[in-house]
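Hi everyone, thanks for coming. I'd like to walk you through a model with you, so please have a look at the screen.

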Amino acid sequence: MATNVAIRRYRTWYAMLLRLYPRSFRERFGEGVAQTFHDLCREYRDSGRGLFGLALWIFFETSVGIVRENTTHMSQLGKTMLRVALGALAVLMVPIVASRVVEGWNWEAGSFVVVYVLFFGTGMVYAVIARKMDAWSYKAGVAVALVAGFGLGWSNMVHVADSENPANLAYYSVLAVGGVGAWLARLEARGLARTLFAMAATLAVIAVMLPSGAPPYLARNMAIGHVVFVALFTTSGLLFRHASLAGFPPQGNTH
Amino acid sequence: MAKKNAAQAPLTPAVLHILLALSTGERHGYGIMKQVQADSQGKAKMGPGTLYGSMGRMMEAGLIQESDKRVDPEMDDERRIYYELTDAGRAALEAELKRYRGVVAVAEGRLAHGH
């Protein structure tokens, strides 16, 4: 007759097996799969049957499921990468066309490659993070945050190169706040809302404290830019706050 | 598109059994498994790998969804997730049963005429 010790041992081994599922599947259904296995073990124990045959069948059956889910996951990842690659190519058309039309826009081939990699990387980050929640506000929050972060990083890179003012590197601290905050929040909506509000506040403080050194005709445009980026980060924070209050469960807990 | 097709395409045996199991009410994973066993008189045996893999695809297709029910008094585990049929799931089940009835009618007609 199966004992509680045997059930615990099989459950531990089964939990190790479940780690082989793709992460998205494991986060969504892992607890349910483990719970169902536990229920089956209890059923066999209560009816006085041995666990070995059950465990053998379930471990084999689950292994087949793991192979199937990993295969599906890989093909989905491939499709996502293809979509992002094509999307990045479409967006790249903007600077390519602009370089032909706008006077003084003389990028070298390497610059287009770098920009394409940045577009692709940003798109993949969106594709990976946005899957964390089904809520539209979470996905919109990720999109707005990435667009604002990309824009801020890009404009600052250009501005630093043009002005040769190393003090402008302080703007990168906004992105650093975002990176650290997202990591600490583990991409949960509530923590991301705080992170985006912190980014908006950091940018506002830098904009007020840091002398731009720009001539007056540029200072007005910079002020407008600051307001736009602060508004974008705040909007993103509000979207994440909406997602956290709307009651949408993170996909990791929807097994 | 996937949701529309799901109600028309022939269903896999696992999906059909899960839809049947949920047609009488909300159930959690183990409950679905036991209902499938009962419905098939023990002929269909479904493990957690097949069950949750199929359920994941069915949720993607909009055939089933999580229900608000959380606590099973007998099992005493409030983390247990219950699932229920959606309207699309019920429509898919009805379409599949209609298809089965058509196949059975053709088969019975042929057998009656000795073909």
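What is the mean pLDDT of chain B, and what share of its residues reach 70 or more? The mean for chain B is 85, and 83% of its residues get to 70 or more. This is a predicted model, of course, and it scores ipTM 0.82 and pTM 0.59. A word of caution that applies to any prediction: where pLDDT is low, the coordinates should not be read in detail.

Let's get to know chain B. It holds 5 helices and 3 strands. Reading from the N terminus, the elements of chain B go α-α-β-α-α-β-β-α. Of its 115 residues, 33% count as buried. If you take the contacts in chain B between residues at least 6 apart in sequence, 57% of them join residues at least 24 apart.

Now the sheet. In which order do the strands of chain B lie? The order is 1-3-2, in an open sheet of 3 strands with antiparallel pairing. Strand 1 and strand 2 of chain B are the edge strands, each pairing on one side only.

Let me take the two pairings in turn. Strand 1, residues 27-28 of chain B, is joined to strand 3 of chain B by 2 bridges, and the two run antiparallel. Here B:His28 stands opposite B:Tyr82 of strand 3. Strand 2, residues 64-66 of chain B, pairs with strand 3 over 3 bridges, again in the antiparallel sense. On that side, B:Gln65 has B:Glu84 as its bridge partner, while B:Ile64 has B:Leu85.

Stay with strand 3 of chain B for a moment, residues 82-85. In a regular strand, side chains alternate between the two faces of the sheet. Which residues sit on the covered face of strand 3 in chain B? They are B:Tyr83 and B:Leu85, whereas B:Tyr82 and B:Glu84 make up the uncovered face.

On to the contact between the chains. It takes 20 residues from chain A and 15 residues from chain B. On the chain A side, helix 2 (23-46) and helix 3 (52-101) each supply at least two residues. Helix 2 of chain A gives the most, with 10 residues.

Let's zoom in on one helix pair. Two packed helices are described by the angle between their axes and the distance between the axes. For helix 2 of chain A and helix 3 of chain B, residues 29-39, the angle is about 55 degrees and the axes are 8 Å apart. These two helices are therefore oblique to each other.

Who meets whom there? From helix 2 of chain A we have A:Gly32, A:Gln35, A:Thr36 and A:Asp39, and they meet B:Gly29, B:Tyr30 and B:Met33 in helix 3 of chain B. The residues of this helix contact divide into 2 nonpolar, 4 polar and 1 charged.

Finally, what covers the buried residues of helix 3 in chain B? Those buried residues are B:Gly29, B:Tyr30, B:Gly31, B:Ile32, B:Met33 and B:Val36. Their cover includes helix 2 of chain A, together with helix 2 (13-22), strand 1 and helix 4 (48-60) of chain B. And one backbone detail to finish: just after helix 3 of chain B, B:Gln41 takes a positive phi of about 55 degrees.

Technical notes. Residues are numbered from 1 along each chain as its sequence is written. Chains are lettered from A and ligands numbered from 1 in the order in which they are written. This is a predicted model: local features need pLDDT of at least 70, side-chain atom pairs count only at pLDDT 80 or more; totals for chains, interfaces and linings use all residues. Two residues are in contact if their C-beta atoms, placed from the backbone, lie within 7 Å. Helices (H or I, at least four residues) and strands (E, at least two) are DSSP runs, numbered from the N terminus. Axes are lines fitted to C-alpha atoms, for helices over the stretch in contact, and angles run from 0 to 180 degrees between N-to-C directions. Angles under 35 degrees count as roughly parallel, over 145 as roughly antiparallel, 65 to 115 as roughly perpendicular and the rest as oblique. Ala, Val, Leu, Ile, Met, Phe, Trp, Tyr, Cys and Pro count as nonpolar, Asp, Glu, Lys and Arg as charged, and the others, Gly among them, as polar. pLDDT is the predictor's confidence in each residue, from 0 to 100. A residue is buried if 20 or more other C-beta atoms lie within 10 Å of its own, exposed if 12 or fewer, and partly exposed in between; C-beta atoms are placed from the backbone. Two strands pair if DSSP finds at least two bridges between them.
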